[in-house]
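Please take me through this structure in a viewer, one selection at a time. For each stop, state what to select and what is to be found there.

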Amino acid sequence: MSGLAARKTTLALIAFVVLVVGYPLLFPRSYEVGIGITAGALAIGAVGFVLLLGYAHQLAAGQPAFCMIGGYASGILCVKYGWDPTAALLVGALLSMAIAYPIAAPMLKLRGFVLVMGSLAFQLILVVVAFELPITGGALGTYGIPRFAIFGLTLQSDVAYYFVVWAIVLVTIAIGLNIDRSRIGRALKAIAISEMTAGSVGMNTVKHKVQMFVVSAGMASVSGSLFVHFLRAMDPTVFGFVFSLNLVIAVIVGGLMSIWGGAVGAAIVTGLREGLRGLSLPMWETVIMGALTAVVLIAFQRGFAGWISDTFDRLTGARGRKLPSLAEPRPRALARLPGAPPAGTPLLDVSNASRSFGNLKAVDDVSFTAEAGSITALIGPNGAGKTTLFNLVGGYQPLDSGMVKFQGKPIELLLPNQIAERGIGRTFQNLQLFDNMTVLENVMCGRYRLQTAGILAISARLPRVWRDEEEVRRVARDCLNFVGLQGAENLMATELSFGHMRLVEIARALALRPTLLLMDEPASGLNDTETERLAELIAQICALGITVLLVEHDMRVVMGLADKVVVMHHGKKIADGPPDRIRMDPAVVSAYLGTEAYETAA
Amino acid sequence: MDFQTLAQLVLPGLTTGCVYALIALGFVLCFNVSGVVNMAQGEFVMLGGLLGAWLAIKGVPLIAAVFVATMAGALLGVLQERLTLAPVRRSPAFIQITITLGVAVIVRGIALIQFGKDPLAMPAFSGDDTFDLLSAVLPIQTLWVWGTTAAMLFGIYYFLQHTDIGRAVRACSINVVAARLMGVNAERLTLVVYAIAGGTGALAGAVITPVVLASWDAGFVYALKGFIGAILGGLRSPVVAVLGGLGVGVAESLSAGYLSSGWKDAIVYGLLLAFLMIRGGVFLYGRASLTAGGGH
Amino acid sequence: MKPLLELQGVSSGYGRIRVLDGVTLAVKAGEIVALIGANGAGKSTLLNTVMGMVALSGGEIRFDGNSIARTSTAAIVGSGIAQVPERRQLFGTMTVEENLRLGAYTRGDRAGVAASLEEQFGQFPILRERRTQSAQTLSGGEQQMLAIARAMMSRPRLMLLDEPSLGLAPLMVARIFKQITSLRAAGGTILVVEQNARAALDIADRGYVIENGRITAEGEAAALLDNAVVQDAYLGGSGGSLRAMEQRIRAKRREIMAAMGYIE
């Protein structure tokens, strides 16, 4: 990670330790330590919820259902079966995660609001089950839950429990940070911006959303278990509506995208609640909580932790960095594509592709080939079907009939992320960068398909994971050097000019190590100078052995660069050949300039 | 099961179903025009009932109490839209939904402070007599509920199909850019829709209170049940939403009758959960809907 | 005579992207002006800027002498400009009649609206036949007619047409363009943006050519029709400016390939 982020983490860690250790020294009374314990237990659930709500953008409002499972697991196993509390906690967590998985998978395929209601429904069902089943003790619940013990060693004092809880909070935060700084973290942030674009670099969006749901369920379960060992009792109302609210608000107040924010928010919310109780205003609790949620989301979405981070940036002068002027691209920064297919052989083969929308034939029996090592341009007047054809190749639209073969194998049935996995990268006409990441991180996203670390290895931050991250960072820098954006790596993607952002997108596509690069109107929105530099860059990319297929309107680029030009009109291919022949073709000229209005008047 | 028991369960189920139907309709209208699932939808109903009951207890004539309650609901809808949604129109959907959650909580909290913990009762509009229908015995208030629901549904239908503004609302749901080119002020219309959602919700709450009592925490469960109706129509079809809401009311009543009252909620939510998990196909981000970039 | 619509040095774009760069053009009352150019040149953006849908970053727009640069779209429609959008943008699930009525949204006079409805049915009898059908069931040509009729319902003094030939068969294109000339005959003023240069210049009085956000040629429509500049604008033919960059790009590519050891 960059120096700035590392410094912030160290400072946050120091602050964390100081505050956690200092609190019981300043507030040693039993009641106050108890508040510290509940804040800590809430923090564990909140960090998990940050991963779910902030990263995966899933408002699973019924998440406390898993706190219930953890709470009841601990309660029932310890009280009725005499289990060791730590073992019960772990079993509860595993049970929660095992239940979370089959629920999440189908619902997370759907739109966001579905999960809100679905998870709420799940929670309410669990509440009814808890009321009705005898094993949970019904309305009275389970009581007489023993103090927490670590494999036989019972924690007799509240202070000891307090430290154990906050130690677990730290472990949870570590897991969260590990996920944030990995390919999964980048994938989640990418998915939050645009699932489609995330798919274009090979990201499997549903898989990661499900992963976060399961991880969050596990953390919620641990949180629930720790709560009941403090309360010494568990009943269906403990993790009810008010608790759900506290969880949501803790995350929002702390900062939606901040792992540390989960803990900060939990502390603030707990403190606020106790403060209101102290002022004898418990009825105002919900109103203030609701108001806080709305106000923070409207006015300051990055929450408390975001505010602290921004203040830190301002004080250390990290903002206001100058934008780099366009450096010279370094064409030698990237090596030639290993194993590039021999030049001239057919790389992409489109045969008789057709696609209709209703009774409009957008693409009508189109066939063409893009040879390896060449630049092929797809042109045609507005409405010709170029973009539809482009989307058919990229997997964003299904074909009605026909075939698309890449390196001899059919790809027309593949989804966009599968197509990316085969080594086909793309750039977008209206620029699809991930606004919430730096330039370097954007490019690192391109490397996703070549990274293999799974959630467990990432959570534990095994050495091979951070070695892999270093490697990805190096590759990303090489790609940035190649396009000439050396100095820009730590800037947020949105801080750059449009032309530079285009280059970032290209660098990201290059990080994928593509055999074929699909470019959708790359010159769109560029001025003359930028257009010419872009053309040169595309030539350099082709020299690496990467085959380029571009849709473009700017004829200077098309006629200057292309080895082959494919012209479409009214969904059909009307010409196919080298630029100079194409521009003289009467059918092409007539397609572009149009036919006289009265030619065929009735 | 004999017919009489069936009727005795189905007909009151239809009555509570009327409230769910109106909530479902409110969800669909707000979603179509603003893209937001308004979690505070149930709070309009709760507020209408509680405010109406409270005014009635204070001696305000019933008609005035119901009227004020309805207006309060409409006003709440307007305030919600203006203060909490308009400023964040460009934020991602999940943030807007969370904000509506915050609003729901605020309204609940204020209701608790203002009206207290205990449920409030409201006298029936035309007395406590009962009448017979299809061998079931129903309170007269049932007719008020059915009547006002039918009137509101008709009113909304007429508004959307036969008035200029209603037509413009529909246009905004179909293609807001084209609507703007017609000179339609989409922001102002969103306000109108939220006012309607709030007002109809509050009125529904007021007329059902003589039957079920009004309580500060009822809103959430109302919203969830109304949502089931809305989601059956994919949050797009008002007709399916209304029918769905009625169906939920009937299903709930039947479950309460034939199973224990505790399990009735679990059944209803279980059906929702199952439906969401199985019918994923309706909302799937299929390949057909993923088109990159602009037009041709 | 003062122009009905006047753009002076207009620059606009979307966010950071500058699309129009100092565009100056004028449309006089009673004439048809064609704005032609390749895709991506900025034609639609220009119309959307006039309608107030895209923010102006520089320059001035005047309608009948009054500035409309920072006016809301609703007010612009009310003052007498209507747009027939690219690809029609009809309200597909609504009926033909409802679409037409929506065109008259800014008008308050019920009787007048009813009269306009009759008038449009008179102009486009096929629409009367299909008045209760939903708009999406109409054929491409019928949809274009509906889109034009819908715009006419606001009784505009200036009509902006965005690529009316898009997606239409040549026969339909001819018919639609004939319709456009009859709008002029009835006293209307029209700015038509088109990629189909010949069809547009055929019916227009005057024309402008736009390339990469700038006006590169203007004049009498008939003169432009034969002008090589127009062909250049689309295909980078024999004309000057486009060709220079193209040549440089080609040379650079050759240079790079040579450096890599390829034989040209």
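Helices, of at least four residues, and strands, of at least two, are taken here as DSSP runs and numbered from the N terminus. On that basis, chain A of this predicted model holds 23 helices and 14 strands.

**Chain A as a whole**

Along the principal axes, its C-alpha atoms occupy a box of roughly 90 × 50 × 45 Å. Buried residues make up 55% of the 602 in chain A. Among contacts in chain A with a separation of 6 or more, 76% join residues 24 or more positions apart.

**A:R513**

Next, select A:R513, in the loop that links α19 (498-511) and β11 (516-520) of chain A. Although A:R513 is not a glycine, its phi is positive, at about 55 degrees. Is A:R513 buried or exposed? A:R513 has 21 other C-beta atoms within 10 Å, and the threshold for burial is 20 or more, so A:R513 counts as buried.

**C:R87**

Move to chain C and select C:R87, which is placed in the loop between β6 (81-84) and α3 (96-103) of chain C. C:R87 is a residue other than glycine with a positive phi, near 60 degrees. With 18 other C-beta atoms within 10 Å, C:R87 is partly exposed.

**Chain B: overall fold**

Now display chain B on its own. Chain B comprises 11 helices and two strands, and its elements follow the order α-α-α-α-β-β-α-α-α-α-α-α-α from the N terminus on. The radius of gyration of chain B is 20 Å, close to the 19 Å given by the globule rule for 296 residues, so chain B is as compact as a globular protein of that length. The box filled by the C-alpha atoms of chain B is roughly 65 × 45 × 35 Å along the principal axes. Of the 296 residues in chain B, 54% are buried, and residues 24 or more positions apart supply 75% of the chain B contacts with a separation of 6 or more.

**Helices α1 and α8 of chain B**

Select residues 3-34 of chain B, helix α1, together with residues 186-212 of chain B, helix α8. Their axes come within 9 Å and cross at roughly 170 degrees. Angles over 145 degrees count as roughly antiparallel, and α1(B) is therefore roughly antiparallel to α8(B). Side chains to show on α1(B) include B:V19, B:L22, B:G26 and B:L29; on the α8(B) side of the contact, B:V193, B:A197, B:G201 and B:A204 are among them. By class, the contact of α1(B) with α8(B) has 16 nonpolar residues, seven polar and no charged.

**The side of chain B that touches chain A**

Bring chain A back into view. How many residues of chain B are in contact with chain A? The contact involves 47 residues of chain B and 58 residues of chain A. On the chain B side, α4 (93-115), α9 (219-232) and α11 (261-278) each give two or more residues. The most come from α4(B), which gives 16 residues. The side of chain B that touches chain A has 32 nonpolar, 12 polar and three charged residues.

**Confidence in chain B**

Finally, colour chain B by pLDDT. The mean for chain B is 86, and 94% of its residues reach 70 or more. End at residues 281-296 of chain B, where pLDDT stays under 50 and the model has 40 contacts beyond four places in sequence.

Key: Residues numbered from 1 in each chain as written. Chains lettered and ligands numbered in written order. Predicted model: local features only at pLDDT ≥ 70, side-chain atom pairs only at ≥ 80, totals over all residues. Rg over C-alpha atoms; globule rule 2.2 N^0.38 Å. Buried ≥ 20, exposed ≤ 12 C-beta atoms within 10 Å, placed from the backbone. Contact = placed C-beta atoms within 7 Å. Axes fitted to C-alpha atoms, helices over the stretch in contact; angles between N-to-C directions. Parallel < 35°, antiparallel > 145°, perpendicular 65-115°, else oblique. Nonpolar A, V, L, I, M, F, W, Y, C, P; charged D, E, K, R; others polar. pLDDT = per-residue confidence, 0-100.
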